[in-house]
Amino acid sequence: MTGVVEAPSAEARTTCPYCGVGCGVLARVAADGEVIVRGDPEHPANFGRLCSKGAALGETTGLEGRLLVPEIGGREKSWDEALDLVARRFRETIDRHGPDSVAFYVSGQLLTEDYYVANKLMKGFIGSGNIDTNSRLCMASSVAGHRRAFGEDIVPGIYADLEEADLVVLTGSNAAWCHPVLYQRLLATRQKRGTRIVVIDPRRTATADESDHHLALDPGTDVLLFNGLLAHLARTGAVDDDFVAAATTGFADAVGVARAEASSLADVAAGCGLAEADVRLFYELFAATERSVTVYSQGVNQSAHGTDKVNAIINCHLATGRIGRLGMGPFSVTGQPNAMGGREVGGLANQLAAHMGFEQSDEVDRVARFWKAPAIARQAGLKAVDMFRAAGDGRVKALWIMGTNPAVSMPDAGRVRAALKDCEFVVVSDVTRTDTTLHADVLLPAAAWGEKSGSVTNSERRMSRQRAFLPSAGSARADWRIICDIAQRMGFGDAFAFDEPAAIFREHAALSAFENDGKRLFDIGALASLADAAYEQFVPSIWPLPKSGGQHRRLLGEGRFPTPDGRARFVAVRQEGVALAVDVHRPVALNTGRSRDQWHTMTRTGRVPRLMANTAEPTLEIAPQDAAREGLADGDLAHVSSRYGFVRAKVSISANQKSGSAFLPMHWSGQFAANAGAGSLASPLTDAFSGQPELKNVPVRIFREAVAWTGVLMTRRDLRPTGFVHWSRCPVEGGWVYELCGTETGGQGILLSRQFLDGFPPNHLVEYNDRRGLTYRAAALDADGALAEALLVSPPGQLPPRDWLVSLLGSRAPLSPGDRMALLSGHSPVPMPATGRIVCACFDVGINQIAASVARGSHSVALIGQDLGAGTNCGSCRSEIRDIIEDARLKAAE
Ligand SMILES: Nc1nc2c(c(=O)[nH]1)N[C@H]1C(S)=C(S)[C@@H](COP(=O)(O)OP(=O)(O)OC[C@H]3O[C@@H](n4cnc5c(=O)[nH]c(N)nc54)[C@H](O)[C@@H]3O)O[C@H]1N2
Ligand SMILES: Nc1nc2c(c(=O)[nH]1)N[C@H]1C(S)=C(S)[C@@H](COP(=O)(O)OP(=O)(O)OC[C@H]3O[C@@H](n4cnc5c(=O)[nH]c(N)nc54)[C@H](O)[C@@H]3O)O[C@H]1N2
Ligand code: SF4
Ligand SMILES: [Mo]
């Protein structure tokens, strides 16, 4: 059993498994089996709100694509066979080649209890540091920056600080899309207190759209911008001298370096590609506003200089003493639901557990004592990029991947896929089939959200429970259970004899308090003896929670820091040249990141029609100037190549991109498109302190592919086409729509595409071929005469609109003679009231409906909301609605 499973109709109080905002969710199973979710009004992260992804959680719990049974070499096996094999192969590899010949690569999708036992097994019992996590690609620079400045990985602030601040600076954060509920909290507060919002991002994002000031700096120039701010604060007397003297070290050095490289506003402006007036405005605003919060995320962390970027920001908060107090502080927001929990248990290869590390041997001894660990690791293990290199060159011979999809999400992903092929023994625990599971020797089906119980910690250090409300799919098991079963089979039974997550949580809490005399701020000792019933009832709580009580929710506000001398450390940081510079061969800097309604490699959100409807295809956003230079038009197929690989994606020309830079979403895997994965292009270059790879800036070359034919396949089947230059797919009611295209001329596209219809008996097929052999339309009917599949191939620009085709596929009624004729002629029999591309995913409202409402007189976002509901739930589409209204106005004025 994975904790307590409520009766099917009861509403379970749980937490959203997506972003680090950590919203509370109430979920129940209706009588017809449908999963119904709503925001938990009592959860202090969201007070009842959910974003489009959270609101669609009920649509992701189906069994399509789920792994239900363990597999060995692609064959279904029993759990005993699979577990025995994994334990035996790990044991044999360790015996023969030593503990560093094996590794775990884990994830912020894991719950704290899963994470804790995985870390304990590798570092305490196998005796290697070789456990790293996808947080290496995500939070590692923030962790390293915090440790340099504060001595411990501490996020000082809480969400309420965003509501108490007068200035919120968001740098390298597209919170409107990536932390939507938190961003909406900020916007709601702004209405009341007039909070000023500054966004620092090379792209004009939805977040920038809502801001007061947007600084579109050149990629990678953040250190210079914040060094300039530090120099400005020093120059204008905005430094809190008392705080600096009493609570910090290193100020003079840091300011000295900052002054040397950012001596004037003009220097900064030139170096960052900004207007001097914009730099001045930001600096003066920051200097004058006591209650300032700086929120930062992947535009800061995912950089070859990420740790320096983090410290450049923290320096400015230390200089002004604005840290850990009401409405002020640096605020690194976490990405994944349990990125913070992973940091607590020490999931990174260079951390130990409970905020202890390998640097001090007394800490290693302490953890060994607590765990009664026979062979504790004494040094850091391989970080993600190095771990996959080692898997590729034979140093790591057995690798267990849990809850992450590195074949897609790692930089230089082509090399990572090759390494997975070459590695002797690869185990993957996942809930679905992915590009990574393709390489697994052993596949272990894990229980998914809704089926498993445990805890997570969000960006503001708030621990919440995830609770099961569904039975496990097939024979899937909770990750902690699988890990403990392996540990037992490897001979470590006593240390892993947990029979429920509560017991693991208690041990985790006890370790945080073990021999902790206040030196480690991560202390949740008050929970070390939490009874099972209290664990079940646990209400969301912010750490620290020491046994002695009496802790504040904000940390570091009293001028004492968890360093040996109790002082915070300024770090003198220099703006280095961008790690990889564009040149004539690769003239565009490629930025990668997130779309509004997709989660990572789309294993869950990619199956929900309304979440896929906003961005249905992998799309490269490119600035008008660059498009003109390369002769690219909207909708063209682009070939994008870096030193590491190439992809193909559709072109979208956008003035939101700075000239010289382009943006590709990170989401598309081989399950959803032919070859559109951003990871194949991204560089494996890492930050020297954190080991975090540069995922935001890689030089690329872009050119137009001469598309000779286009096709669309509508089908009920779940297919992965092969042999096409480009395809991508999108779920719709009743099936999938595949967009196909190619460069082959002379009707070759038809030949290629017709393979889809091979299985259909000729009497179930109606076909049309034009005389020139360039256009082909076919409908395959099921036994009832309903449309099962439709394939249309044409020269570019001649395919009919999709809405009508989708409605035919969804209907399941026998195809009428009129529809049959229409299909073969490629024209909808009646004009469809097309909704167009979905803008509001919460209420399924399309761009055409919004445009029509504008024409009827809805000239504001609020009026559109009243008319159509669009934008009134999570709010993350509001800036897009504003753009549509603006476009309509401009058109009307023409
Ligand atoms: N919809 C959605 N939300 C998510 C996720 C998701 O997959 N989908 N994933 C979650 C996870 S794990 C994470 S880590 C977070 C990430 O959340 P964010 O960090 O907010 O998202 P990203 O899109 O990765 O990147 C943020 C911004 O950094 C900017 N940027 C690029 N280079 C630079 C630079 O040199 N300097 C500055 N200042 N900015 C730069 C990019 O243009 C981008 O807009 O989102 C979480 N939330
Ligand atoms: N180019 C580029 N690459 C990036 C980024 C970027 O901005 N640009 N961002 C990076 C960042 S910040 C992140 S966080 C990573 C995310 O990258 P990944 O971690 O690879 O992405 P996910 O799709 O979230 O993969 C999670 C996997 O875990 C599975 N899963 C879900 N729940 C469970 C569970 O309970 N147990 C188990 N065992 N499996 C489960 C899912 O099915 C899925 O296959 O990507 C990184 N890669
Ligand atoms: S903001 Fe959205 S994705 Fe993030 S936790 Fe809340 S509901 Fe989930
Ligand atoms: Mo992340």
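Partly exposed describes a residue whose relative accessible area falls between buried, under 20%, and exposed, over 50%.

**Figure 1. A salt bridge between Arg629 and Glu630 in the predicted model.** The closest N and O atoms of arginine 629 and glutamate 630 are 3.3 Å apart. Glutamate 630 has a relative accessible area of 27%, so this residue counts as partly exposed. Arginine 629 is partly exposed as well, at 47%.

**Figure 2. A salt bridge between Glu705 and Arg648.** Here the closest N and O atoms are 2.5 Å apart. Glutamate 705 sits in the loop between β26 (698–704) and β27 (709–715), while arginine 648 belongs to strand β24 (residues 646–653); the pair therefore ties together parts that are 57 residues apart in sequence. Glutamate 705 is buried, with a relative accessible area of 11%. Arginine 648 is also buried, its relative accessible area being 16%.

**Figure 3. A network of salt bridges.** Glu164, Asp166, Arg193 and Arg291 are joined into one network by salt bridges that share partners.

**Figure 4. A salt bridge between Glu451 and Arg66.** The side chains of glutamate 451 and arginine 66 meet with an N to O distance of 2.8 Å. This pair links distant parts of the chain, 385 residues apart. Glutamate 451 is found in the loop between β16 (442–445) and β17 (454–457), and arginine 66 in the loop between α1 (52–55) and β4 (71–72). Both glutamate 451 and arginine 66 are buried. The count of salt bridges in the model comes to 56.

Key: Residues numbered from 1 in each chain as written. Chains lettered and ligands numbered in written order. Predicted model: local features only at pLDDT ≥ 70, side-chain atom pairs only at ≥ 80, totals over all residues. Heavy atoms only, no water. Salt bridge = Lys/Arg side-chain N within 4 Å of Asp/Glu carboxyl O. Helix = DSSP H or I, 4+ residues; strand = E, 2+ residues; numbered from the N terminus. Buried < 20%, exposed > 50% of the residue type's maximum accessible area, 1.4 Å probe, protein only.
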